[in-house]
Amino acid sequence: MAFWFLLLLGLATYLIIQRSVAQITRTPVWLLWLVLMTPSFVLTGWTLLYGAKQPPPATLIIWPSVVSLLLYWFLFQWGRRVPGDTQTQASAPALQSANNSTLEPTPVRPIDPAEETQLRNCFSWSVYYIQNIEYRPQAVICRGQLRTTPINAYQQIKANIEREFGDRFLVIFQEGINGKPFFVLVPNTQAAKQSSNNKRDNLTQPVIAILLLTATLITTTLMGAKIAGVQLTQVESDPTIFLKGLPYALGLMTVLGIHELGHYFTAKFYKIRSTLPYFIPVPFFLGTFGAFIQMRSPIPNRKALFDVSIAGPIAGFIVTLPLLFWGLANSEIVPINEKYGLLNPDSLNPKYSILLALLAKLALGNELTVKSAIDLHPVAVAGFLGLIVTALNLMPVGQLDGGHIVHAMFGQRTAVAIGQIARLLLLILSFIREEFLLWAIILLFVPLIDEPALNDVTELDNGRDVLGLVAIALLLLIVLPLPQFLARVLQI
């Protein structure tokens with residue numbers, strides 16, 4: 001098992017490095033791969049020497065990981081290529097993101113000399129000194145020197161362009177690799193649609209939303225009944241026993257629904273067009289694959305990106321806490337056996353998560369001991385899944401909520417690097433905790449680059465930066481196992 005897992009981890013790591021950094025550094029891919037795989041090789045050696053039942057010391061996990069990441073960063077920077085036209089390469093993510101699902105591709109009408117003069121006049125030398133204008137199939141790129149604060153520059157340039165061209169363009173302010181921000185003008189297809197047909201755009205199909213909600217209630221109730229120990233033969237003789245699955249179903253759907261409504265109402269606050277939540281029912285697994293909303297208009301700035309992204313996990317977590325606490329208080333203590341695990345609700349070891357262990361000790365008190373596991377009440381199962389949903393969404397990778405949060409905090413370039421490191425760390429963690437392997441594989445398919453805000457240069461205030469760090473700390477509290485010294489303090 002260890003060999004095949006190491007092989008899978010090695011292949012995945014190599015593919016990630018090949019796709020993400022091979023084109024921007026001269027350092028050989030095999031060398032970067034070897035450095036990143038060092039912690040896994042060290043842990044594999046420990047397992048071969050001492051066996052899988054003896055856990056490695058914390059220092060053998062922490063120090064190789066820290067040293068390998070620092071060495072990886074040094075080798076990456078040492079061999080980093082200096083492109084001839086860094087700004088052109090920097091504009092690629094902006095153009096790709098600007099032409100995604102929210103902005104349908106529409107050819108840019110060529111700007112004639114008179115209009116180019118109008119466009120240049122929109123850029124005051126004291127605000128943003130224009131140096132070059134490039135015409136792309138889907139955008140007009142304006143490069144120059146920033147002479148004032150980013151927020152002041154964006155507001156003034158956007159107002160000037162709207163005065164001269166109306167709502168013909170969406171104005172995007174994007175970071176460049178060399179630190180010089182640039183403007184991108186993309187056709188405003190939404191304005192064109194509204195002018196061509198003056199009818200109301202129904203974002204949400206209420207019939208479909210209600211049908212999905214009802215179907216998800218049925219599938220989650222079915223799974224909740226199984227969690228409650230209901231057998232199929234019992235349902236045939238007494239259909240009302242099926243309702244024993246409702247506590248789990250209502251708990252889980254409440255967490256998922258509140259999470260998405262947090263996104264929805266925050267998007268409405270910033271006047272971002274978005275749909276109501278759609279649930280995804282499945283007749284197996286958890287009874288659902290979650291819920292989602294769709295945003296149909298661009299996000300105005302990094303502040304809005306941060307607020308919309310963090311609102312969902314915070315709202316869902318606030319609902320999860322009382323559900324989980326009540327569920328744990330009504331759960332049963334069972335002896336630890338060989339089948340205990342992170343995903344086994346009949347025998348859950350709370351030490352798999354720092355936050356779960358703290359809540360379990362608070363709810364169960366002295367009943368929870370070193371030799372105890374927890375047979376979760378169905379409501380506790382829903383609350384525990386709420387924790388997992390919160391953690392998964394807070395992963396700082398690409399288009400997940402956590403990816404949007406670090407994008408808003410540090411900018412897209414830094415967010416891509418953070419997402420890359422997060423994916424690799426989770427792969428390493430899954431080598432120790434096999435339950436995380438599925439998460440690690442899922443994150444491999446999550447794109448690291450997400451859609452930029454229209455003003456993607458202006459930074460956040462200190463309060464939001466602190467809140468973002470708190471969100472990352474919450475992720476670590478959920479994902480990391482309980483340290484041994486804290487387990488001794490809690491006597492579990």
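**Cysteines, sheet and rings**

Author: Cys122 is buried, its relative accessible area being 0%. Buried means under 20% relative accessible area, exposed over 50%, and partly exposed in between, using a 1.4 Å probe and protein chains only. This is a predicted model, in which local features need pLDDT of at least 70, side-chain atom pairs count only at pLDDT 80 or more, and totals for chains, interfaces and linings use all residues. Residues are numbered from 1 along each chain as its sequence is written, and side-chain values use heavy atoms, with hydrogens and water left out.

Reader: In which order do the 4 strands of the open sheet lie?

Author: Helices (H or I, at least four residues) and strands (E, at least two) are DSSP runs, numbered from the N terminus. Two strands pair if DSSP finds at least two bridges between them. The edge strands, each pairing on one side only, are strand 1 (128-136) and strand 3. The pairing is antiparallel, and the order is 1-2-4-3.

Reader: Which residue in strand 4 is the bridge partner of Val140?

Author: Strand 2 (residues 139-146) pairs with strand 4 in the antiparallel sense over 3 bridges. Cys142 stands opposite Phe183 in strand 4. For Val140, the bridge partner in strand 4 is Leu185.

Reader: How many bridges join strand 3 to strand 4?

Author: Gln174 stands opposite Phe182 in strand 4. Strand 3 (residues 169-174) and strand 4 run antiparallel, and the bridges joining them number 6.

Reader: How many residues of strand 4 are buried?

Author: In a regular strand the side chains alternate between the two faces of the sheet. On one side of strand 4, Phe182, Val184 and Val186 are buried, and on the other Phe183, Leu185 and Pro187 are buried. Strand 4 (residues 182-187) is therefore largely enclosed by the rest of the structure, the buried count being 6 of the 6 residues.

Reader: At about what angle to strand 3 does helix 6 run?

Author: Contact means heavy atoms within 4.5 Å. Axes are lines fitted to C-alpha atoms, for helices over the stretch in contact, and angles run from 0 to 180 degrees between N-to-C directions. Helix 6 (residues 150-165) lies across strand 1, strand 2, strand 3 and strand 4, and its angle to strand 3 is about 160 degrees.

Reader: How many aromatic pairs are there?

Author: Rings of Phe, Tyr and Trp (its six-membered ring) pair if their centres lie within 6.5 Å; planes under 30 degrees apart count as stacked, over 60 as edge-to-face and the rest as tilted. The count of aromatic pairs is 10.

Reader: What kind of pair do Phe165 and Phe169 form?

Author: Phe165 and Phe169 are both buried. Their centres are 5.8 Å apart with 75 degrees between the planes, and the pair is edge-to-face.

Reader: Why is the pair of Tyr278 and Phe292 classed as it is?

Author: Tyr278 counts as buried at 8% relative accessibility, whereas Phe292 is partly exposed at 33%. Their ring centres are 5.7 Å apart and the planes are at 35 degrees, so the pair is tilted.
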